Structure formats: C-alpha cells, structure tokens
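The report that follows is written for a reader who is meeting this structure for the first time. Please keep the sequence and the 3D view open while reading.

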Amino acid sequence: SLVGIPIGTYILLLISADALRVLISLTLITFSILMLLGYQHTFKSERLASVIAGLVSGVLKTSTGMSGPPVALFLVHQGWQRDAMRATVGAYFLLINILGLVSFLVGGVTGTSTFGYILLFVPLLPLGFYAAKKASPQISPSLFRKIAITLVIATSLLIIGDALRKALG
C-alpha cells in the first residue's frame with residue numbers, strides 16, 4: 001500500500017475520479033458475483049498475492065477512496081477466519097487512512113480542514129470495534145463471507161450511482 005498511495009494520488013491528479021470509480025466498481029461487482037456463485041481461487045503464494053492486493057488497495061485509496069475491496073476480496077479468497085480478517089482489516093484501514101491523508105496533504109489534493117472532519121468521527125472507532133466484537137460470534141463463517149462480498153457489491157453500486165448522479169445532474 002505504501003508504494004500504491006502516492007501512485008493513486010498522482011493518478012487522481014490526471015484522471016477523473018468518478019470514471020475510475022465506475023471502472024473499478026464494475027470490475028469488483030463482476031468478481032464479487034463470481035465469488036457468490038462459488039468461484040474461489042486460493043493463491044499459492046499468499047505473500048505475493050497480499051503484496052499485489054496491498055498495492056492495488058493503496059492506489060485505489062488515494063485515487064478513488066475504494067481501498068477496502070481488494071483487501072477484503074483477497075482475504076475472503078484465502079479463506080481467512082472472520083476474527084483474523086476483522087483484526088487485520090481494522091489495523092490495515094487505520095494505517096492506510098492515515099497514510100492516504102498525509103499523501104493528499106503532501107500532493108496538495110486536500111487541505112487541513114479535512115482533519116476537522118476526521119476528528120469528528122474518531123470517537124466512533126471504538127464503538128465500531130466493540131459492536132463488531134459482540135456481533136462476530138453470532139455470525140457463521142459462511143454468512144460472514146457472504147456479508148463481506150455483499151458489502152463490496154453494495155458499496156460498488158453506491159459509487160456507480162453517485163457517479164451517474166453527478167454526470168446527469
């Protein structure tokens with residue numbers, strides 16, 4: 001992700017973020033539907049696959065704001081258990097969001113007012129972790145997998161809808 005973050009910031013300065021979001025969303029929906037239909041590919045070299053997922057996630061973080069799907073789909077494909085997946089994703093997103101914000105500041109994409117919005121939501125993080133910890137034992141691994149994939153599809157559809165709204169309105 002560290003390598004991908006500045007690349008994504010640069011891409012954002014060159015290409016329409018909405019066009020990128022739609023393209024990435026359509027790709028993610030396609031792969032997610034295949035996964036819901038039962039297709040699963042476990043990568044033999046998890047380390048190499050995680051580097052690629054992290055790079056793509058870093059690029060997408062700063063170019064489209066969609067850093068989550070590559071990591072979530074990678075972990076689901078690898079068959080990670082929900083507790084390990086939840087802990088890894090939580091730590092990963094905290095780090096990538098901080099680094100992405102720094103990259104935006106250095107690249108001149110955003111100003112310091114963004115920090116004010118972040119500070120408004122930081123107190124909600126422990127609440128989210130607590131809710132996930134309490135709900136997690138109630139959800140079977142297969143349902144967790146379906147929820148994770150469905151969230152990727154739902155997020156992608158929302159992003160496409162937002163891009164269409166901007167283009168038409």
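Does Asp 162 count as buried, partly exposed or exposed? Asp 162 has 27% relative accessibility and therefore counts as partly exposed, where buried means under 20% relative accessible area, exposed means over 50%, and partly exposed lies in between, with a 1.4 Å probe and protein chains only.

## Basis of the model

The model is a predicted one, in which local features need pLDDT of at least 70 and side-chain atom pairs count only at pLDDT 80 or more, while totals for chains, interfaces and linings use all residues. Residues are numbered from 1 along each chain as its sequence is written, and side-chain values use heavy atoms, with hydrogens and water left out.

## Overall build

The protein chain contains 8 helices and 0 strands, and its elements, read from the N terminus, follow the order α-α-α-α-α-α-α-α. Helices (H or I, at least four residues) and strands (E, at least two) are DSSP runs, numbered from the N terminus. The C-alpha trace spans about 45 × 35 × 35 Å along its principal axes. For 169 residues, a compact globule would have a radius of gyration near 15 Å, and the protein chain, at 16 Å, agrees with this; the radius is taken over C-alpha atoms, and the globule rule is 2.2 Å times the number of residues to the power 0.38.

Of the 169 residues, 33% count as buried. Among contacts in the protein chain with a separation of 6 or more, 82% come from residues 24 or more positions apart, a contact being heavy atoms within 4.5 Å. The protein chain exposes about 10300 Å², of which carbon and sulfur atoms supply 73%; accessible areas come from the Shrake-Rupley method with a 1.4 Å probe, and for residues only the protein chains shown count as cover.

## Salt bridges

Side chains of opposite charge can pair when their charged atoms come close. A search of the whole structure finds 4 salt bridges, each defined as a side-chain nitrogen of Lys or Arg within 4 Å of a carboxyl oxygen of Asp or Glu. A network of salt bridges links Asp 18, Arg 21, Asp 162, Arg 165 and Lys 166. Within helix α8, Asp 162 forms a salt bridge with Arg 165, with the closest N and O atoms 2.6 Å apart, and because these two residues are 3 residues apart in that helix, they are separated by about one helical turn. Arg 165 is exposed, at a relative accessible area of 53%.

Asp 162 also meets Lys 166 in a salt bridge, at 3.4 Å from N to O, and both residues lie in helix α8, 4 residues apart, which is about one turn of the helix. Lys 166, which is partly exposed with a relative accessible area of 43%, has a further salt bridge with Asp 18, at 3.5 Å from N to O. Lys 166 lies in helix α8 (residues 141-168) and Asp 18 in helix α2, so this pair ties together parts that are 148 residues apart in sequence.

## Aromatic pairs

The structure holds 2 aromatic pairs. In one of them, the ring centres of Phe 43 and Phe 74 are 6.3 Å apart and the planes stand at 35°, so the pair is tilted. Rings of Phe, Tyr and Trp (its six-membered ring) pair if their centres lie within 6.5 Å, and planes under 30 degrees apart count as stacked, over 60 as edge-to-face and the rest as tilted.

This pair links distant parts of the chain, since Phe 43 is in the loop between α2 (17-36) and α3 (46-63), whereas Phe 74 is in helix α4 (residues 68-77), 31 residues apart. Phe 43 counts as partly exposed at 33% relative accessibility, while Phe 74 is buried, with a relative accessible area of 9%.

## A nonpolar surface patch

Leu 94, Ile 98, Val 102, Val 106, Val 122, Leu 125 and Phe 129 make a nonpolar surface patch of about 660 Å². Patches are made of residues with over 30% relative accessible area and no salt bridge, like charges being joined within 9 Å and nonpolar side chains (Val, Leu, Ile, Met, Phe, Trp, Tyr) within 5 Å.

Helices α5 (82-107) and α7 (124-135) each supply at least two residues of this patch, and α5 gives the most, with 4 residues. Val 122 lies in the loop between α6 (113-121) and α7, and at 39% relative accessibility Val 122 counts as partly exposed.
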